[in-house]
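Me: Hi! I am new to protein structures and would like to go through one step by step. Could you help me read it?

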Amino acid sequence: MRTGPPIRRLADWDAGELQSLVDEHGSPLYVIDLDRVAENAARIQDAFPTAEVHYAAKANAGRAVLERLAAEDIGVECASAGEVVRALEAGFAGEHVLYTAVNPPATDLDAVVSLAEDHPGLTITAGARDTVNRLDERGYSGRLAIRVHPGIGAGHGDAVATGGDASFGISAAEVPAVLEGAEARGFDVVGVHAHTGSGLSNEDNEAHRAVVETLADVVEATNVSLEFVDVGGGFGVPYHPDEPPIDLDPIAEATRNALSHLDVDLAVEPGRYVVADAGVLVTAVNTVKRAGEDHVFAGVDAGMTTLLRPALYDSYHHVRNLASDASERGDTTVTVVGPVCESTDVLAEDRRLPEPIRGDSFAIGNTGAYGIEMANQYTTRPRPAVVALENGAARVVRRREEFSDVTAMEDV
Ligand code: LLP
């Protein structure tokens, strides 16, 4: 089926295939299954059949991912000018590109305004009056949406419950006047937008509904005739193996109900949902250190520079030992640590896993979203390669960095 199962668990990946990929391409290695990316996108399209789906590129802006999604005929939401450039280069048509300007640097506005001259269908979402003014100062009079601060947030943690954070968007009560003012100044005012937060679960449907109702109230309160209401992204994925997948249908229904009395199109901006379970990170165990009778530290060659989420958000990512004899070994409590001399460099804490042996490979699940994209070069650690799976074949879509890539910009 084109849409595939609602979740691909870490256990569903073929251990032998992952092991042979690291044998060939080295470790650590990100693997991204583009066919699964397309299935996930199709499931969103099925749940929101009338909506324009814009993939939030910040989750994974790799060229191969963007090209595949552009070919699947969905749109893209960009968080920076750089993402807009990458999206256009990957083949998204301008009218399928949304740029969400969050306290945008001048260079971002300059670049996007100039790109919009060649791609007049592009839409810019402004989250502050100042941003509208700055676009006006640059002579931009193209498609404009306004980001609403709904005052309600939810998500996998405070750091990503952006709907409740007043630094994003203009308060709902002020937006109708902002829309009218922008139209009077000659902008092509086309929509309103809000993002409840990231990593929403089934329990967050009420918050989502309240945010959509807030958007509906704004549409009703303004004289500007709007084309679309963009309810953001945030659809979560189960990171724990016993967690159920999010049920999109009630969310879609709540969204439809909240907007049913309005003549506007719906837009959604999922990032994580599209790519998270399409990716794994494979990393090699290089140091095994016994810390107690039933506790070992497994030092691996990936760390907080490779996968930042555990250090930054205390995020859980499931870990699996790929060794062919793993099930025959006894389990022990394993803490998986990286190569950076910081106490936050812990990828997984106190997991019951088969007794690790130096040379084992660990697969770390659900790392297709915000994995390679948040990787960095701290401690002069080159970023890993990315291998894409598509139509039964594997190819390197991002080569492994070398030391010289880390220093390439230095000129002393
Ligand atoms: N639209 C807007 C305006 C956003 O700010 C975001 C995410 C999305 C869409 C996509 O959200 P998603 O569907 O991926 O949840 N680095 C964090 C996530 C930060 C998300 C920020 N905004 C993490 O690793 O969990």
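Me: Thanks! How far apart do the C-alpha centres of domain 1 and domain 2 lie?
Reply: This is a predicted model, in which local features need pLDDT of at least 70 and side-chain atom pairs count only at pLDDT 80 or more, while totals for chains, interfaces and linings use all residues. Residues are numbered from 1 along each chain as its sequence is written, and side-chain values use heavy atoms, with hydrogens and water left out. The protein is divided into domain 1 (35-273) and domain 2 (277-410), with bounds that come from an automatic or database domain assignment. Between their C-alpha centres the distance is 32 Å.

Me: Which residues have the most contacts inside the largest nonpolar core?
Reply: A nonpolar core is a set of buried Ala, Val, Leu, Ile, Met, Phe, Trp, Tyr and Cys residues joined through side-chain atoms within 4.5 Å. Buried means under 20% relative accessible area, exposed over 50%, and partly exposed in between (1.4 Å probe, protein chains only). The largest such core has 105 residues, and the ones with the most contacts inside it are F48, Y55 and V192.

Me: Which helix gives the largest share of this core?
Reply: The core draws at least three residues from each of domain 1 and domain 2. Helices (H or I, at least four residues) and strands (E, at least two) are DSSP runs, numbered from the N terminus. The largest share, six residues, comes from helix α8 (residues 205-221).

Me: Which residues does a second, separate core include?
Reply: This second core is made of 15 residues. Among them are L18, V22, V31 and L389.

Me: How many Å separate a polar side-chain atom of R309 from an oxygen atom of the ligand?
Reply: A polar contact is a pair of N or O atoms within 3.5 Å; within protein, one must be able to donate a hydrogen and the other to accept it, and residues adjacent in sequence count only if both atoms are side-chain atoms. K58 has a side-chain N or O atom 3.1 Å from a ligand oxygen, and for a polar side-chain atom of H156 the distance is 2.7 Å. For R309 the value is 2.6 Å.

Me: What percentage of the ligand's accessible area does the protein cover?
Reply: Accessible areas come from the Shrake-Rupley method with a 1.4 Å probe; for residues, only the protein chains shown count as cover. On its own the ligand has 580 Å² of accessible area. The protein covers 93%.

Me: Is the peptide bond from S27 to P28 cis or trans?
Reply: P28 has its place in the loop between α1 (15-25) and β1 (29-33). The bond from S27 to P28 has omega near -5°, and it is cis.

Me: Is D73 buried or exposed?
Reply: D73 sits in the loop between α3 (63-71) and β3 (75-78). This residue has a positive phi of about 70° although it is not a glycine. Its relative accessible area is 57%, so D73 is exposed.
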